[in-house]
Amino acid sequence: MTSDMIINHKEKANALLKADADKILKLIKVQMDNLTMPQCPLYEEVLDTQMFGLSKEIDFATRLGLVDETVGKKILDELEKELSALHEASTRK
């Protein structure tokens, strides 16, 4: 594989992971806007499942060498902060 192809695969992997993270972030934002989590534990379950799936995607991409481990950790950390804010907001409601 040429270095251009490797760079292209890495860029594509990063873009796909960020797109998946953005989908989860949208779910979190919708929930933050509505703050209905206490009435809807299924939504929390969906978020947890999505986060787990994303972490597995990141792990796989990292093991393939397509994503740097620190980049993957940063993506998950940012989502974890948003989830934490959601949980705080729902308990204050």
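Reader: Asp-20: what is its relative accessible area, and does that make it buried, partly exposed or exposed?

Author: Asp-20 is partly exposed, at 21% relative accessible area. The cut-offs: buried is under 20%, exposed is over 50%, and partly exposed is in between, with a 1.4 Å probe and protein chains only. This is a predicted model, where local features need pLDDT of at least 70, side-chain atom pairs count only at pLDDT 80 or more, and totals for chains, interfaces and linings use all residues. Residues are numbered from 1 along each chain as its sequence is written, and side-chain values use heavy atoms, with hydrogens and water left out.

Reader: Which residue forms a salt bridge with Asp-20?

Author: Lys-23 does, with the closest N and O atoms 3.9 Å apart. A salt bridge here is a side-chain nitrogen of Lys or Arg within 4 Å of a carboxyl oxygen of Asp or Glu. Lys-23 is exposed, at 54% relative accessible area.

Reader: How many salt bridges does the structure hold?

Author: It holds 4. One of them joins Asp-59 and Arg-63, with the closest N and O atoms 3.2 Å apart.

Reader: How far apart are Asp-59 and Arg-63 in helix α2?

Author: They are 4 residues apart in α2 (residues 41-64), so about one helical turn separates them. Asp-59 is partly exposed at 33%. Arg-63 is exposed at 64%.

Reader: And Asp-77, which residue does it form a salt bridge with?

Author: With Lys-73; the closest N and O atoms are 3.5 Å apart. Both are in helix α3 (residues 69-92), 4 residues apart, or about one helical turn. Asp-77 is partly exposed at 33%, and Lys-73 is exposed at 52%.

Reader: Switching to Glu-82. Which residues is it in contact with, leaving aside neighbours within four places?

Author: Leu-25, Ile-28 and Lys-29. Contact means heavy atoms within 4.5 Å. Glu-82 itself lies in helix α3 and is partly exposed, at 24% relative accessibility.

Reader: Which residues of α1 are buried?

Author: Ala-13, Leu-17, Ala-21, Ile-24, Ile-28 and Gln-31. Ile-24 is in contact with Leu-47, Gln-50, Met-51, Leu-54 and Leu-79, leaving aside neighbours within four places in sequence.

Reader: Now the core. How many residues are in the largest nonpolar one?

Author: It has 17 residues. Leu-17, Ile-24, Ile-28, Leu-47, Leu-54 and Leu-79 have the most contacts inside it. Helices α1, α2 and α3 each give two or more residues to this core, and α2 brings the largest share, 6 residues. By definition, a nonpolar core is a set of buried Ala, Val, Leu, Ile, Met, Phe, Trp, Tyr and Cys residues joined through side-chain atoms within 4.5 Å.

Reader: Zoom out. How many helices and strands?

Author: There are 3 helices and 0 strands, in the pattern α-α-α along the sequence. Of the 93 residues, 25% count as buried. Among contacts with a separation of 6 or more, 73% involve residues 24 or more positions apart.

Reader: Last one. What is the mean pLDDT of the chain?

Author: The mean is 85, and 88% of the residues reach 70 or more. pLDDT is the predictor's confidence in each residue, from 0 to 100.
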